[in-house]
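Dear colleague,

I am passing on the structure below, together with some notes on what turned up when I went through it. Please read the notes with the coordinates open beside them.

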Amino acid sequence: MHGSKEQQERIIQGIPVSPGIAIALLHVSARGFAAPDVYEIEDSRLAMEHQRFDAAIATAKQELNEIQLKLEDMTSTEEARIFEAHIMVLEDHVLLKRVHAAIDERRQNAEYCFYAVMQNFLEGMRRIHDSYLRERTSDIEDVCERVLHSFDASQRVVKPRPEDQHILISYDLNPSDTATMDRSMVLGFATEMGSINSHTAIIARSLGIPAIVALEESVIEIQTLTYAILDGYTGKLILHPTEKTLASYRKMEEKKSRARSALDSLRDAVSETRDGRAMILSANIGLLEELPMMKKSGAAGVGLYRTEFLLLKDGQETLPDEEFQYKAYSEIAQAAAPHQVIIRTLDSGGDKLPAERLDEPEPNPFLGWRGIRVSLDRPEIFKPQLRAALRASARGKVAIMFPLVSGLSEVMRAKDVLKQCMDELSQASIPFDEKIQVGAMIEVPSAAIIADLLAKEVDFFSIGTNDLIQYTVAVDRVNPYVANLYRPTHPAVVRLIHRTVSAGAQEGIWTGVCGEMAGDIQLTPLLIGLGVEELSVGPQQVSRVRKAIRSLSYSECSIMADDALKASFTGDIHKMSFAMAKRYYGELFE
Ligand code: PEP
Ligand code: MG
């Protein structure tokens, strides 16, 4: 039904970041300005689409001429020249011809063909290493938007989209785009940028949206309404799949769903190794919508609640108040019962939104004003959050942890603010858990190195490997160009985890891992062997990690981890852990 005979099956490779299969039409959304609706045009309407395009160009040109004349009357000719340049774009015969050709070839509506041709052109300019040309792209984007507004909407086909459920293809997606995605419509997504440890990828995994990043081809080469398969297991985007390919994917989906059901049947089984070491297996969440998935997974509560998505919404001027946060935290605490929820205080910055609009973007946001640094500088943000978390501790089991700790004084100052909040609540006779547990995230090498000092001040450690890896090996966690250097089994990372766990044990506090490494079942033997006591993973990963824990022996893992600590190379450490994983639960890698 989909794809005409002359369309050859074609595979674009990317990096898989969220498992699953999606089969649907593609919708491509490029940078700069929003894509217009796209729909197919019947042969009998083609001539009309050519006319609509010519008419839109004529209207846009007329508008620009009028603006130009007005400006010439009012001011110097300098400003008027900008619009002359805009008009020149609309008189570019090569571009106009390309749009007409696209209408005939694609048989899609004129505004979409115009959009696609212009995006292709703009993308070419954006990639030229010339700052003057790159800056000119915003002028051209302005013209494009004007033309798109000039199309006569009354002549449109009534039903804009033939099929609404789609696979989204985008140059890039930020975490809030992903968090607010209409999941009944978007069956999967693929982006040209991105990496496996970006918050966008983490959310996709958490929500179970199959996803691929770092596509090897420019997204603009991909046509909207192409029928495709997105394979989130191997990172393949298959355009115009043949019937044979489709059949094999349908078979694979059935097999995967059988395997999932088998794992789900272990939902209530204890997370304990074969030789009786109990592990806490909890879930990471960032959205309240994930609570049902957390419950369904049988996770032992929430090991990391990322509060950024609750607090920082795109376009929102002020942060939600204490009352709003209290309600959300209470809802999570009640859902997690009888287990606990660990509320991480705001970790703005990095690849997430800043807590407040900065005049200038930071040159190195990951090394800048983020995490606990922002909270300590902004008590008006920090205190309502702490008060809300404390109040929620009267409604369920709540713990608090601080992100991006890099030194002892930060923890002490944060605890002072917490103490002030406790005193205020006590004075107002507002109930809270006076013995609330307080933890530090260990995600900066300096924190791991002084873990012995920090351990005296907190009740637990939670290792944020996503950041710990990036800061230890100096590899940006969201940059696809250095993704091959981002390795959790780098000997330095393994030693820092070991150091943290040992320092914690020395002071009698527990250490967990809540970074993405905790959900990688190839590395479960290593983490268990290093003495980690809690693994907090995406809700979709809980059942696989449970199976891994139950298949392993703690004493064997410890011997392997001792060897790993003596190893010199990343690859060797990975091999040791993966070999044990394959030996005991090889079927999970099929
Ligand atoms: C981490 O850094 O591993 C972590 C869990 O925090 P985030 O991914 O939100 O930075
Ligand atoms: Mg982090």
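Glutamate 443 sits in the loop between β13 (437-442) and α15 (445-449), whereas aspartate 467 belongs to helix α17 (residues 465-473), so the pair ties together parts that are 24 residues apart in sequence. Helices (H or I, at least four residues) and strands (E, at least two) are DSSP runs, numbered from the N terminus. Both glutamate 443 and aspartate 467 are buried, where buried means under 20% relative accessible area, exposed over 50%, and partly exposed in between (1.4 Å probe, protein chains only).

Before going further, please note that this is a predicted model, in which local features need pLDDT of at least 70 and side-chain atom pairs count only at pLDDT 80 or more, while totals for chains, interfaces and linings use all residues. Residues are numbered from 1 along each chain as its sequence is written, chains are lettered from A and ligands numbered from 1 in the order in which they are written, and side-chain values use heavy atoms, with hydrogens and water left out.

**Helix α17 and what follows it**

The helix that supplies aspartate 467 is mostly covered, with eight of its nine residues buried; these are Thr465, Asn466, Asp467, Leu468, Ile469, Gln470, Tyr471 and Val473. Just after α17 comes alanine 474, with a positive phi of about 55°, in the loop between α17 and α18 (491-506). Alanine 474 is exposed, at a relative accessible area of 69%.

**Other backbone features**

Most residues other than glycine have a negative phi, and most peptide bonds are trans. Leucine 225 also has a positive phi, near 75°, and is found in the loop between β6 (211-213) and β7 (227-231); with 8% relative accessibility, leucine 225 counts as buried. The peptide bond from alanine 337 to proline 338 is cis, with omega near 5°, and proline 338 is placed in the loop between α11 (322-336) and β11 (340-344).

**Aromatic pairs and charges over rings**

Rings of Phe, Tyr and Trp (its six-membered ring) pair if their centres lie within 6.5 Å, and planes under 30 degrees apart count as stacked, over 60 as edge-to-face and the rest as tilted. By this rule there are seven aromatic pairs. The rings of phenylalanine 382 and phenylalanine 402 have centres 6.1 Å apart and planes at 65°, so this pair is edge-to-face. Phenylalanine 382 lies in helix α13 (residues 379-392) and phenylalanine 402 in strand β12 (residues 397-402), and both are buried. Phenylalanine 460 and tryptophan 510, by contrast, form a stacked pair, 4.7 Å centre to centre with 5° between the planes; this pair links strand β14 (residues 460-463) to strand β15 (residues 510-513), 50 residues apart. Phenylalanine 460 is buried, with a relative accessible area of 0%, and tryptophan 510, at 18%, also counts as buried.

Ring pairs also link Phe578, Tyr585 and Phe589 into a cluster. Lysine 582 lies over the face of phenylalanine 578, at 4.2 Å from the ring centre, and arginine 391 over the face of tyrosine 326, at 4.1 Å; a charge sits over a ring if NZ of Lys or CZ of Arg is within 6 Å of the ring centre and within 35 degrees of the ring normal.

**Serine 536**

Serine 536 is found in strand β16 (residues 534-537) and is buried, with a relative accessible area of 0%.

With best wishes
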